[in-house]
Structure formats: C-alpha cells, structure tokens
Amino acid sequence: MTRRFVPTCLTLALAAALAVPLVAEGVRLRPQPGIYYDDSGGGLNHPEGVACGGAGLVAVADTGNGRLLSYRIEGETITAQPEIRLSQLPHPIAVAVTSKGELLALDGRLRRVARVSGSGEFVGYIEPVGDNARGPTVPRAIALDGNDALHVLDIFHSRVIVLDAGGAIVRQVSLPAGRRSYSGLTVAGDGGILVVESVERRVYVAKKDDKTFSPLTGPMKDDMAFPTALATDDRGHLFVADEYGSGIVILGSDGSFRGRQSGGGWTEGLLRYPSGLCVAGQGLLLVADRENSRISVFSVTE
Amino acid sequence: MVVLLSLAAIVTLAASTARAQDKFRLKPGARGKICLQCHTAFEEGLQLPFVHTPVKEGACADCHNPHASSHGKLLAAEPKDICSNCHSGLIPEKPASVHPPVAAGRCIECHDPHASQNKNNLRAGGEALCGTCHGDIVAHASGSRFKHSPVEKGCLSCHDPHASDAGGSLLKKDVPVLCLGCHRSEQPAFAAAHRNYPVANARCTSCHDPHGSDNAGLLWADVHPPLANRMCNQCHVDPSSPDPLETKRQGFEVCRGCHADVVNGIVTSNRVHWPAIDGTGCLNCHNPHAAKEPSLLREPVKPLCGSCHQATLENLDKTAVKHPPAEQGECITCHSPHASDTGFLLPAPNVIEMCGTCHDWQRHSTHPIGEKVVDPRNKNLTLNCISCHEPHGSPHKSFTHLNPDADLCVQCHAGKGR
C-alpha cells in the first residue's frame, strides 16, 4: 500500500494546533502523517520497535501482531512491504536493519535475537559465544554500529556486549553498578555507545575502547518521567523516548538539554507510551507510538 | 596608671556586657521578675525539676521580644534560629540522617522551652515521647513476644535524637557495627547460630527486627523457609569458600530451584517486569531472608513500586481525583509484578476484563466498548475503559482524560460540540 507523504494544509494546521512545539536551540520536530497500516491495509498493533536503515528502509516490530513490517521511504512516499511473520519470532519488541537490508529482531518472549534475511526468511538466532559469554544473557535492547556489529544491552550481566557476525563477543562494556534499570541502547556515528537508565533518568556513554560507561548527563527528573529508548542523528542530536511521559526529549551530543516535544494524546503529533525510535536519513524521526498503534513521524528541522 | 587603665577597661567591659544583657534597659532587679507580674502561670513552671537556663536566669528577652515581633509568641526570631544561638552543632557537617523535626527547626515538638518534668526539658519521658510520632514502632516493640533489651532501655540506646553521621535512621553507629557492640560474633554460639557464615560483615537487619519480634531470634515477621530451617547453603556457597556469602547462582536462577513455577511463568510470558530477570532479579523486590512485609517484600507495595516508578507516584500525588487502588498503593491489584501477556502487565486478558473485576460497567454505562468497537480517533484502536479514563487518576470527575462536560465526548462526537 502506497501512501502519499504530502502533508495537507488541514493536517499541518491540526498538527500545529495540537502538538506542543519544541522549545529551544532551534531544533524542531514537526509532526507528519503517521504510519498505520501494512501493505494490505491491516492495522499496526502496539508496535514497540522501529529501526531505520539505508536506502530509506524502515523496519517495525509490530509486537501486538507478532510480526515484522518494513517500509521504503522514497522522497515523500512511504511504501509498505509484505509482512514477515515467523514462528521463531512470536513477540518482537525491537529491530535493527543491517547495511545489507537484513533485519535483526529481539523477541520479547524468547529473549533472543533473530537474524532475518531481506526476503523475510529466518536465518538463525545470534547467541553470544566466547570467553565472556558467561551463561545466559537477558537482552533488553539491541543496536547496530556502522560496521553492522550487533550491540546488545545485557541486563542480567549489567553490560553491553558487541558481537561479530558469528556471535563472538568482541567487546564488553560494563554498566555502572547499583540498583538501576537500563532500558535503551544506541550507537552514535562516532562509535560511542549510549545507554539510557530509566529510574534516575540519565544517559550514559562509552566511547571507543572504554571498558565502562560513564554519565553523559546528570539525573534529568525534571525533564523526563521514565525514558526507555534513544536514537541519534548525524547532526549530533540525541533523541530520548520518554515512555511514561509520552514525549521526546532532545539532547546535544554533550548531553545538554535542547528541548522536549511533549504531549500525551491520540492526535497526530502526540504520543502514548513511545517505546522505540530511529532517525531516517531524510531528516525524519520515527517513533514506535505503542499505545496509539502507529509509527509517529516527525521531520527534524533546525 | 596601668592599674587605673585596667580598672577602667574592666568597668567599661562590665557596663557594655550589662547593656548587651539588658538591651531593653530594664530597671535594676526587674530581669525576669517584671514578666512574671503578668505571666503568673510561669511561677508554677519554675518549680519543675528541669528549667531551661535562660528561664531560670530570668532572661526572657533572650528568646522573646517584649515589645513587638513578626513571629508567634513574640519570639525574637524564627524558633530554629533562636535555639541554635546556644545549641549549635546538633547536626554534624555530613549527616547520614537528620531527624525531620530537627531539620525543620521544630525543637519545641520534643522540648519544652521553659521547664519540664523530664531531663533535657523533654515533653515526655522515654519512648512515650518518641511514640507520639512513632507509635507503630513503640507498640510493636512493647507487644512483641521476644524483646530486644536495648529497646526496653530506651530508644536512645541506639538512636541519636537529632542527627547521625554514622548511618541511616539516626543510628549512633551503622549496622552491623552497632550490633557487634553487644553481640560478640567471635563467640562459638554466634557462629553456630549463623551456620558459620561470616554474617558480621553483613547487615543484621536483613534478617532481624531490631525492635522486637514474635519470632525467636528476633527474625522479621515473614521468614524465608530456608532461613527458618537454617538451610543457608541451599542458596549460598559453602561457608568455607573464599566468598562465602555469594549465592550458588545469580539473579532469578538461584530462586528457580524452589520457585520454578513462578520463574518459569515469568520467562515464558510475552511481557516481563524487567527487574525480575536482570542480574539482581527477585531481590530487587524481595528480601531473601526475612521481611516485615508479606511475601518477603522489602517495603510496602506503594513505596516499593515507587522506588522505580517515581514519576507515577509524583503524578498521583498531584492528581485531584485519584483511583482508590492507586491511591492506596494497591499496585498489584491491576499490575502483575512479575509478568503478563497483556500490555501494562495486566493480570487479565484485556483492559475491560481487568476493570470489570471491580466495576460492573455493563450496568452503569451503555457506551459501546469492546474488541469490535473501533475508536473513531484511530482505526487501529478499539474502545475500552482507558480510552476515556486515566487509570491512576486525573483532574476530572471519574478520572476522565479530559473534562467530561466539555472536551471528552467531542473527541469522537465532533458534531455535537458547541
């Protein structure tokens, strides 16, 4: 199903009237029409993950429907591809797109990462191997770097592990000790690994070769309620999905607060429990708007 | 000449001191007595065994301004500022805990500023004073079958009434150092009672209620059976190991041995409460030894959930119309603390069935809801209770998302708006 991506005057007026505009430092998130349907007109159902790849490829973990969806963004057009429904992936909650167009999906029930080919076939599970494997992992979030190396937020061992294509652990970065709740993971363009902690509401960073994470921000309790996901763009912006606060917080690459797009609601431009996000090459921010059962889309402008 | 100059200096000093003391230029002999001419009731107070020194010296004006004041009781300044003029240093430079009335400068909640039957001008003696605020603890201690002897001697056996730099809860020394002051961990009986595990390095209050208990050994009310049966090595490695307090496995894996049904139910569900399966696992919420709360919870449900879901409780505090289960901290009425196959960890297949466990909605509302009723705002959604109601509470009657008199219905019924 193809949908014209041209925002109508009515849509713009409605979104402008209802969406709380971004504040400060010139970064604006302007609501665009969201993604609601698959290629046959079937609706999304509580999607929890979204990933942006090269060549305009967008993948969605359509969690409530137990499937993966993919779309192509070409100019102002978003075209839905056939769904991917696999018995090995009954409850996908997060997804990543490799440079070859493969999908890596984290299953929330099995708590395993599956590799899916570009044509939608199950290739296999990615299991960490090597001296640092240390028994079962509990993957909470996944991300890919520019070399397609899989990063896994392993909350059982309180670490982020980096795997090669064969699953061998090539790097391990420890998370700060203490009773914390790490939820989201992303890799910046410079290879820095970023993790968001939900209770203290702060972001941690590990630069290349770091063995441990260190705070990028202080506790941001005034700016976020319960963040669970984050994504970066190529202009140094860090976008944090505040799941309980139903908003998007924008930070600079140094962790400085740049603004917040807030709004819990049903109309376009508003969010209800955003649980995943990614930045597409066309200056678009896509958000897995879970309780609105859609992918909300914003254009990022400065 | 030097002698004369010295005498002059002494006289000048004495005069200036007297003036400082008598800044209101009272007539000779009037200090204190002039106030008693009107405030006759104080005569009786002055006969009490413990009289505040300025009162005894008749220095009423040290605390009160006899002419006018911006403070109650004609106090010369804020109460905390008056007391700290003489009683400074009650709060250490880096306190680990401060008694809230002290932090707020409410000294007279405990101390009578004039006179008292009790030492230190306390308004009541012993635990009677502490019990005015900590009545539940005092009642528990006095009603316990097995009593802790320092508690019987008084709260100040262990607690500093003002502040402590040693530990939380105003303890004079932190646990276990405080406990080891009386309990000799090197004694064979101590080691045997603890199955030779080096618990002197651990927190005694993880197992023991320091105020008293109905369980022998002063164990907390709810005791984990392996502990009650002295089977420490069911979870812990051998006491002769290099790290004897370590558990045999990590996180929920160590609990699975006995609680396989619970753990397996968690790991096979679609949606898991993530703390249940991180490295700390069950111990994020449960005390593995003994606890005051049922189900070995570390704290009552509301503060326990609120320790992570702070924003939820903060919002609830600010909410005008609260849903009673949320207000009363009955989080697990609506949310499974472990896992579920339903969003929001509901222990029911869907929202309507969840709310229907308490609300017979079919009798009070004919508004269409259900899996077949499409939400006009978004065709991917169906109408259920939380389409209109905020389940924790909201500013509006019946905790609707929007004002039910103006804004709520017209979201869908646009043609009916004003």
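Visitor: Which residue of S13(A) stands opposite A:Leu150?

Guide: A:Leu150 faces A:Leu163 in S13(A). This is a predicted model, where local features need pLDDT of at least 70, side-chain atom pairs count only at pLDDT 80 or more, and totals for chains, interfaces and linings use all residues; side-chain values use heavy atoms, without hydrogens and water. Residues are numbered from 1 along each chain as its sequence is written, while chains are lettered from A and ligands numbered from 1 in the order in which they are written.

Visitor: Why are strand S12 and strand S13 of chain A said to pair?

Guide: Pairing requires at least two bridges found by DSSP, a strand being a DSSP run of E with at least two residues. Since 5 bridges join S12 (residues 150-154) to S13 (residues 159-163) in chain A, these antiparallel strands count as paired.

Visitor: What makes S11 and S14 of chain A edge strands?

Guide: The open, antiparallel sheet has 4 strands in the order S11-S12-S13-S14. S11 (139-144) and S14 (169-174) each have a single partner strand, so one side of each lacks a neighbour in the sheet.

Visitor: How do you know that the side chain of A:Asn292 makes a polar contact with that of A:Asp289?

Guide: A polar contact is a pair of N or O atoms within 3.5 Å, one able to donate a hydrogen and the other to accept it. The side chains of A:Asn292 and A:Asp289 make such a contact at 2.9 Å, and the side chain of A:Asn292 makes another with that of A:Arg272 at 3.4 Å.
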